[in-house]
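Visitor: Hi! Could you walk me through this one?
Guide: Happy to, let's look together.

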Amino acid sequence: QVQLVESGGGSVQAGGSLRLSCVVSGYTDSRFCAGWFRQAPGKEREGVAVIDRDGSTTYADSVKGRFTISKDNAKNTLYLQMNSLKPEDTAMYYCASDLWVTAGRGLDDDEYNYWGQGTQVTVSS
């Protein structure tokens, strides 16, 4: 069974940085899709960043230029480097993965069957 374990959340002031990590296990094929999603209280879950099977990345407009998604294949670890954080980035962040994702739908949470437990990110002004 595929499992995802997240870490790296915390509290930071606006303008600060955090790096989230997600260790992925259970795949025999390393060419899996993975992404980061977030959900703030009272709001729907939204896609933040995705890395596809071929290594291509997609970002939500709200985080472009500030967040970077990457994957270390040797460690089976997904990362989200978050810079220039804003209060509106405050949310529970989840990593998600699946072997295949419909083209153009990587930021849709319905595309993923495997999810981490979530890690809280709080940005104060």
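Visitor: Which strands form an open sheet, and in what order?
Guide: The order is S1-S3-S8-S7, four strands with antiparallel pairing. Strands are DSSP runs of E with at least two residues, numbered from the N terminus, and two strands pair if DSSP finds at least two bridges between them.

Visitor: What stands at the edges?
Guide: Strand S1 (3-7) and S7 do; each has a single partner strand, so one side of each lacks a neighbour in the sheet.

Visitor: And over how many bridges do S7 and S8 pair?
Guide: Six, in the antiparallel sense. Phe-67 stands opposite Met-82 in S8.

Visitor: Before I go on, what should I know about the model?
Guide: It is predicted, so local features need pLDDT of at least 70 and side-chain atom pairs count only at pLDDT 80 or more, while totals for chains, interfaces and linings use all residues. Residues are numbered from 1 along each chain as its sequence is written, and side-chain values use heavy atoms, leaving out hydrogens and water.

Visitor: New topic: in the largest nonpolar core, which residues touch the most other members?
Guide: Trp-36, Leu-80 and Tyr-93, out of 28 residues. Such a core is a set of buried (under 20% relative accessible area, 1.4 Å probe, protein chains only) Ala, Val, Leu, Ile, Met, Phe, Trp, Tyr and Cys residues joined through side-chain atoms within 4.5 Å.

Visitor: Which element gives the largest share of this core?
Guide: S3, with four residues.

Visitor: What is Tyr-93 in contact with, leaving aside neighbours within four places in sequence?
Guide: Its contacts (heavy atoms within 4.5 Å) include Glu-6, Phe-37, Phe-67, Leu-80 and Met-82.

Terms used. Buried means under 20% relative accessible area, exposed over 50%, partly exposed in between (1.4 Å probe, protein chains only).
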